[in-house]
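Thanks, everyone, I'll keep this short. Please have the viewer open and follow along.

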Amino acid sequence: MLNTMALHPGACRRRRVLGWTAALVFGTLPALAFPAPSWWWLAWFALLPLLLVVRAAASSWDGAVRAWCGLAGFVAANQYWLAGSAGPMLVLLAVGLGVLWLPWGWIAHRLLSAPVTAGRLAASLVVLPSAWVAAEAVRAWPALGGPWAPLGASQWNQPVTLASASVGGVWLTSFLVVAVNAAVAVAIVHRQALFLALGGAVAFGGLGPAFYLLGPAPAAGPTVRVALIQPGDIDDSIAREAASEAITATVVGERVDLVVWGESSVGQDLGTHPEVLDRLTELSRRVGAQLLVNVDAAAPGGGIYKSSVLVGDSGMVGTYHKTRLVPFGEYVPLRPLVGWFTRHSKAAAEDRKRGSGPVVLHAGGLGIGPLISYETTFSDLARREALLGAHLLVYQSSTSTFQGSWAQPQLAAQPAVRAVEAGRPAVHTGLSGDSSAFDARGHRLAWCPSNFRGAVVISVPLDSSTTPYQRLGDWVPVTAFVVLIGAVILLWRDKLRG
């Protein structure tokens, strides 16, 4: 190969560029498994073309670069809706996050291009998924944008395949999806291992359905009626609040237990605007249920919080301040260094304040675990709410900046994953769409698209379970890092010996 490169440097450069381009294109395929297309079945073989392109690279390092390009393409395609607010920064985001998959590409080339043995087959089905999960876990760091679109979340609308998330979180579902892709790749490139590889694909692909069918079912609980209020894309905060009030009034007499408004539905602090609190209190009294509204306003002591506020017929019952803030959207990391970016984008001009952590609010006997928008993507927050005693996970969001894009259904799909992980039903109210509700096993109870305006009342069964993930936490990413480090050491040692 070195001689070929010396004789034909132009041809080698063209081959590299062609490989990188092919990887970039094939890397976008998994994005179609997520909303809005939601072709969930595609995830189980969407990585196959990228794996074959990585394997065909001239070297392991070139394979790693191809994986980098492929995952940059995935991030850009999956979050294309950021282009309107982030502009060229979307390209930098995609390229920067794609770097996390360099080890995955290097290992994929090492394992898939070498002669197959029983050990290498087993390594392909364990190490490749581990390297993928490790990259997703690093990408989940809040400062990097959080765990948006882990591959396992593509199964949000299939409770049978998503059931593995109750064992190891969305990380385990990602692991199984990548393992099946790796097994099919091995079956294609090493025909002598066809039956063993396909057997591995069936085994890994069947773990979720097996747990769904054979695992413990959630314990039966009472049913509550929850009203989700979706007023639409209204810029003016006073008009937005008035629209939410008017829609809420339409559920009077429907015997609801809780009314949920979207994020930023109230633009005035309730402590300094008692007339607003009085209106909400009277509205709660008329409806016969407590209201979970969301305040985005300057607090009396200074600073702006995103706050879930529970209002009853006697005033405020409890408050939750948003803990995980959207980088650049709600605060600017290292503002003294990159604050200039706010002049050329829609990044936050002023940093929001952070809350101290999850809380449980009580609407009568109903324990509510409130979380806000971006926090929908974090498995650990839903798990902590369940451990604190929440009966119902309640998410409030506002994605009007991305109205009509894939961002809205992508976010509304996340509560299905959180419900399965935490063993608790979940509801999600999008101020302007999409709103959704799921039971504790991830079955969809309601879905309101972005063009819906009004209220929807849902009967939510409070069936619940103490899932293995709730008890054990993020054991899958920890295991993945251990496997990845061990595999890199062994493969590097073999390379040096060779």
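One term before we start: buried means under 20% relative accessible area, with a 1.4 Å probe and protein chains only. Take S264 as the test case. S264 comes out at 9%, so it counts as buried. And keep in mind throughout that this is a predicted model.

Stay on S264 for a moment. It sits in the loop between β2 and α13. Its phi is positive, about 60°, although S264 is not a glycine. S38 is another case. Its phi is near 55°, again positive in a residue other than glycine. S38 belongs to the loop between α2 and α3. Is S38 buried or exposed? Its relative accessible area is 15%, so S38 is buried.

Why flag these? Because most residues other than glycine have a negative phi, and most peptide bonds are trans.

P35 and A36 are joined by a cis bond, with omega about 10°. A36 lies in the loop between α2 and α3. There is also a cis bond between G433 and D434, and here omega is about -15°. D434 is in the loop between β9, residues 426-430, and β10, residues 435-438.

Now the open sheet. Six strands form it, in the order β5-β4-β3-β2-β1-β12, with mixed pairing. Which strands are at the edges? They are β5, residues 315-321, and β12, residues 454-461, and each pairs on one side only. Neighbouring strands in this sheet are turned by 30° against each other on average, direction ignored.

Look inside the sheet at β2, residues 258-260, and β3, residues 290-298. Three bridges join them, and they run parallel. L258 has Q290 of β3 as its bridge partner.

Two helices to point out here. Helix α12, residues 237-249, packs on the sheet and touches β1, β2, β3 and β12. Its direction makes about 140° with that of β1. Helix α13, residues 274-287, also packs on the sheet, and touches β2, β3, β4 and β5. Its direction makes about 40° with that of β4.

Next, strand β7, residues 366-372. How many of its seven residues are buried? Seven of the seven. Both faces are covered. On one side you have L366, I368, P370 and I372, and on the other G367, G369 and L371.

β7 has two pairings to show you. Strand β6, residues 361-363, runs antiparallel to β7, with three bridges between them. L361 has I368 as its bridge partner in β7. The β6-β7 hairpin has two residues between the strands, and there G364 takes a positive phi near 70°. Then there is strand β8, residues 392-397. It runs parallel to β7, and five bridges join the two. Opposite I372 you will find Q396 in β8.

Helix α15, residues 379-388, comes in here too. Together β7, α15 and β8 make a right-handed β-α-β unit. Find L388 in α15. L388 and G367 are 21 residues apart in sequence, and their C-alpha atoms are 9.2 Å apart in space. Leaving aside neighbours within four places in sequence, L388 contacts P358, V359 and V360.

Now turn to how α15 packs on another helix. Two packed helices are described by the angle between their axes and the distance between the axes. The partner of α15 is α16, residues 407-422; the two axes come within 9 Å and cross at roughly 45°. The two helices are therefore oblique to each other. The crossing is right-handed. At the contact, S379, A382, R383 and A386 in α15 meet R418, E421 and A422 in α16.

S465 touches P218, A422, G423, R424 and Q470, not counting residues up to four places away in sequence. You will find S465 in the loop between β12 and α17. S465 is at 19% relative accessible area, so it is buried.

Last stop, Q79. It lies in the loop between α4, residues 60-78, and α5, residues 83-86. At 7% relative accessible area, Q79 is buried. What does Q79 contact, leaving aside its neighbours within four places in sequence? L90, R139 and W148.

That's the tour.

Notes:
Residues numbered from 1 in each chain as written. Predicted model: local features only at pLDDT ≥ 70, side-chain atom pairs only at ≥ 80, totals over all residues. Heavy atoms only, no water. Buried < 20%, exposed > 50% of the residue type's maximum accessible area, 1.4 Å probe, protein only. Helix = DSSP H or I, 4+ residues; strand = E, 2+ residues; numbered from the N terminus. Pairing = 2+ DSSP bridges. Right-handed = clockwise from strand over helix to strand, strands pointing away. Axes fitted to C-alpha atoms, helices over the stretch in contact; angles between N-to-C directions. Parallel < 35°, antiparallel > 145°, perpendicular 65-115°, else oblique. Left-handed = near helix turned anticlockwise from the far one by under 90°. Contact = heavy atoms within 4.5 Å.
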